[in-house]
Amino acid sequence: MANIKVFSGSSHPELSRRIAAGLGTQLGTVVTTKFNNGETRVEFGESVRGEDVYIVQSGCGEINDNLMELLVMVDACKIASASRVTAVIPCFPYARQDKKDKLGSRASITAKLVANMLSVSGADHIITMDLHASQIQGFFDIPVDNLYAEPVILKWIKENISDWKNCTVVSPDAGGAKRVTSIADKLNVDFALIHKERKKADKADRMLLVGDVKDRVAILVDDMADTCGTICHAAEQLISAGAAKIYAIITHGIFSGSAISCIDSSRFEAVAVTNTIPQDDNIKQCSKIQVTDSQPNTAQLRSHVSKEEMNGS
């Protein structure tokens, strides 16, 4: 893969290094600085003329600053005559704002706005992972590849839950039903879901379990967890329904506010997350949090890069 160059934004350098290593290359040189007023300045330290460039920037940390940094990096590559620029965004920012929640709402569909900004900045291709809403792919006029964490989830379950054959895979909401049924089918186990009603965007008010978890291991699977109120309340619901043990597997562990203390005091045996978002500090604060191996994700990315090389040559 000598014709590609991989660069990292500021959000998750360790993940960028792992991705580059999985592709058999090293990260390119880029210097990101800020003016005194907070404006972002990006300068690449090597030529990208005629190259296929991959910029890795996850939607975490200082999300607005990191998003702007990504846009500036993409634009800088296009100005420097890169052949093609792919934005690798493991956790897509503003993905929860993908529609108007009710008739007459005056809220922005911000995920569409982000898609527009990425396209206008000059991105030729987007690679992301477990989009909160799959329709976000349709917001773009450029190719979007939505990779799945399912291989990582299956691997973690089989390696870390000894009695996984006696489990029920549970979705904490109706929107994740397709995800958990796919995982349950591959494990040849049952699935269940929890119907929830919200009055606020990040807080579930009422929950109803649909399915049987009595005397079984319950494995909650979701694409993201922010304040963790939903999954912690779901854990209590599963305990009340007779679950023997409870695990949670999350693709994007945002863990804001009191999320860590909520997990620490919960009934979970473990909460596994992928490394789309840095978790070093969270692991130190809570022993229940475990980070899954990202190698299956890198293999998917390597496959996409290889196909692009063949199509572009």
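This is a predicted model: local features need pLDDT of at least 70, side-chain atom pairs count only at pLDDT 80 or more; totals for chains, interfaces and linings use all residues.
Rings of Phe, Tyr and Trp count as a pair if their centres lie within 6.5 Å.

**Entry 1: aromatic pairs**

I searched the whole structure and found three aromatic pairs. I looked up phenylalanine 7 and phenylalanine 44, which form an edge-to-face pair. Their centres are 4.7 Å apart, and 85° lies between the planes. Phenylalanine 7 sits in strand E1 and phenylalanine 44 in strand E3, so this pair ties together parts 37 residues apart in sequence. Buried or exposed, I asked of phenylalanine 7 and phenylalanine 44? Both are buried.

Next I took phenylalanine 92 and phenylalanine 140. Why is this pair edge-to-face? The ring centres are 6.0 Å apart and the planes meet at 80°, so the pair is edge-to-face; the cut-off for that label is over 60 degrees. I placed phenylalanine 92 in the loop between E5 and H3. Phenylalanine 140 is in the loop between strand E6 (125–129) and strand E7 (144–147). The pair therefore ties together parts 48 residues apart in sequence. Phenylalanine 92 has a relative accessible area of 5%, so I wrote it down as buried. Phenylalanine 140 comes out at 7%, so it counts as buried too.

**Entry 2: salt bridges**

How many salt bridges does the structure hold? I noted 13. I then looked up some of them.

Glutamate 46 forms a salt bridge with lysine 5. The closest N and O atoms are 3.4 Å apart. Glutamate 46 is in the loop between strand E3 (40–44) and strand E4 (52–56), and lysine 5 is in strand E1 (residues 4–8), so the bridge ties together parts 41 residues apart in sequence. Glutamate 46 is partly exposed, at 28% relative accessible area. Lysine 5 has 19%, and I logged it as buried. The cut-off for buried is under 20%.

Aspartate 52 forms a salt bridge with arginine 84, with the closest N and O atoms 2.9 Å apart. Aspartate 52 belongs to strand E4 and arginine 84 to strand E5 (residues 84–89). The two are 32 residues apart, and they link distant parts of the chain. Aspartate 52 and arginine 84 are both buried.

Aspartate 226 forms a salt bridge with arginine 96. Here the closest N and O atoms are 2.9 Å apart. I found aspartate 226 in the loop between strand E11 (217–225) and helix H6 (229–240). Arginine 96 is in the loop between E5 and helix H3 (110–121). This pair also links distant parts of the chain, 130 residues apart. Aspartate 226 counts as buried at 17% relative accessibility, whereas arginine 96 counts as partly exposed at 44%.

I also noted a network: salt bridges with shared partners join Arg179, Asp222 and Asp223.

**Entry 3: the second largest pocket**

I looked up the volume of the second largest pocket, and it is about 170 Å³. Which elements give two or more residues to its lining? They are helix H1 (13–22) and helix H8 (280–285). I listed some lining residues, among them His12, Glu14, Arg18, Asn275, Asp280 and Thr292. The lining divides into four nonpolar, four polar and three charged residues. I then checked the domains. Domain 1 (4–147) and domain 2 (150–292) each give at least three residues to the lining of this pocket.

Note on methods
Residues are numbered from 1 along each chain as its sequence is written. Side-chain values use heavy atoms; hydrogens and water are left out. On a 1 Å grid over the protein atoms alone, a cavity is a set of points where a 1.4 Å probe fits but cannot get out, and a pocket is an open set with protein on both sides within 12 Å along at least five of seven lines; lining residues have an atom within 4 Å of a point. Grid points are joined across faces, edges and corners, and a volume is the space filled by probe spheres set on the points. Helices (H or I, at least four residues) and strands (E, at least two) are DSSP runs, numbered from the N terminus. Ala, Val, Leu, Ile, Met, Phe, Trp, Tyr, Cys and Pro count as nonpolar, Asp, Glu, Lys and Arg as charged, and the others, Gly among them, as polar. Domain bounds come from an automatic or database domain assignment. A salt bridge is a side-chain nitrogen of Lys or Arg within 4 Å of a carboxyl oxygen of Asp or Glu. Buried means under 20% relative accessible area, exposed over 50%, partly exposed in between (1.4 Å probe, protein chains only). Rings of Phe, Tyr and Trp (its six-membered ring) pair if their centres lie within 6.5 Å; planes under 30 degrees apart count as stacked, over 60 as edge-to-face and the rest as tilted.
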